[in-house]
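Please look over the sequence and the structure shown here before reading on.

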Amino acid sequence: MTALDAAVPAPGRLPLAGIRVIEFSHMVMGPSCGMFLADLGADVIKIEPAPGGDNTRRLTGPAVGFFPTFNRNKRSLCVDLKSPAGLALVRRLAAGADVLVENFRPGGMEKMGLGLEALKADNPRLIYCSLKGFLPGPYEHRAALDEVVQMMGGLAYMTGPPGRPLRAGSSVNDIMGGLFGAFAVLAALRERDITGRGGQVQSGLFETNMVLVAQHMARTAVEGRDPTPFGDPDMKKPWPLYDIFDTADGGQVFVGVVTETQWRGFCTAFGLDDFLKDPGLARMADLAAARPRILERVGRVFRSLSKDELMARCEALGLPFSPINRPGDLFDDPHLLASGGLLPTDLTRTRDDDFHPAVAAASLPALPISLFDGRPGLTRQPPRIGEHGRDVAREAGLSESDISALLVAGVLVAPDTPAMEPA
């Protein structure tokens, strides 16, 4: 047991305690859905393919953080689903589960004999959550990635400069698609309380993207023309200040002034009373039109202040402001540290190759919600490959001799199982 294992608190009563989820997933969309349910107290059993486990564990580059980020609070069962015995074990688990989550390509679960129709005879109360690139329709058999749907769904157009579509700097659709999947599961659980029946719910990556660009679609309809991308430096903004400014010590701070009340307080505090006396700057529309001269003057004032001084003055005024942080800066964010917003996560448990993380542990973000008893936290570190296989098999009703036979045959993989000798 590591120090981090010992630091995991005993779980309190969470809203989804008593709900069992079987998760067949990889990458981000499916694992995030399972994590949201696990954080809320569900017993999420992650099914990983034997012998190496989820391939997401071995990704590098921009994807190196996927597994530790989206697989906390879960148990791992590493099993060979091509084996009749392995498939039988998983079907036994599904027969007693409340929810199944999967994000494989259309037809993938059916080919393994684990589609809804194959499972509901033994468990008509099963809620079967499928996370796909597209909901049913002409595109449903296409392969999809976050990048694909950002491009085809208008988000990349809105993010980059004109003529240079740019994906958002996060797996926004994967994560939100997983969230919508969890949202659908919660609705289905409530419906099952009434009807006693399970069934299928779905979340689509492309459709998730459409929620993000809905405001821009509405604007296009209202104005009758394509909106200006946010990456266009000449984009017309409806406020006098909504920009990034340089400071005297080489820092950068975003500052927004978005109401007339904020504008009056801002001008008074920063010695810009002449702007308040100008009859041509009486309305917000006037201020937006005068942005070039306002920005030039404000920029000079801000360049005379240090980053910390500028932020302190903006905070005292109640203005929207922000330093330009990098991801690594957030490990020491005082608000996240004080509010329980970071969970100490072991990074050494997620891989079985020669890769070594720069640090053994890092504090990663918790769910951005607070419940009656506080914020959902950490009850389990991201699992090692097959870490909970023995326990899960026992819970499925297998005897110790049955479990040992599966381990020896390589159908079931557990971290402390010795490798089979070659025949």
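Of the 423 residues in the protein, 42% are buried, a word that here means under 20% relative accessible area with a 1.4 Å probe, counting protein chains only. This is a predicted model, in which local features need pLDDT of at least 70 and side-chain atom pairs count only at pLDDT 80 or more, while totals for chains, interfaces and linings use all residues. Residues are numbered from 1 along each chain as its sequence is written, and side-chain values use heavy atoms, with hydrogens and water left out.

The protein has 18 helices and 12 strands, which are DSSP runs numbered from the N terminus, with at least four residues (H or I) for a helix and at least two (E) for a strand. Its C-alpha atoms fill a box of roughly 85 × 50 × 45 Å along the principal axes.

Turning to the rings, there are 11 aromatic pairs, where rings of Phe, Tyr and Trp (its six-membered ring) pair if their centres lie within 6.5 Å, and planes under 30 degrees apart count as stacked, over 60 as edge-to-face and the rest as tilted. The planes of Phe-270 and Phe-302 stand at 65°, with ring centres 5.5 Å apart, so this pair is edge-to-face. Phe-270 lies in the loop between helix H11 (260-269) and helix H12 (273-277), whereas Phe-302 belongs to helix H14 (residues 291-302), so that the pair links distant parts of the chain, 32 residues apart.

Notes. Buried < 20%, exposed > 50% of the residue type's maximum accessible area, 1.4 Å probe, protein only.
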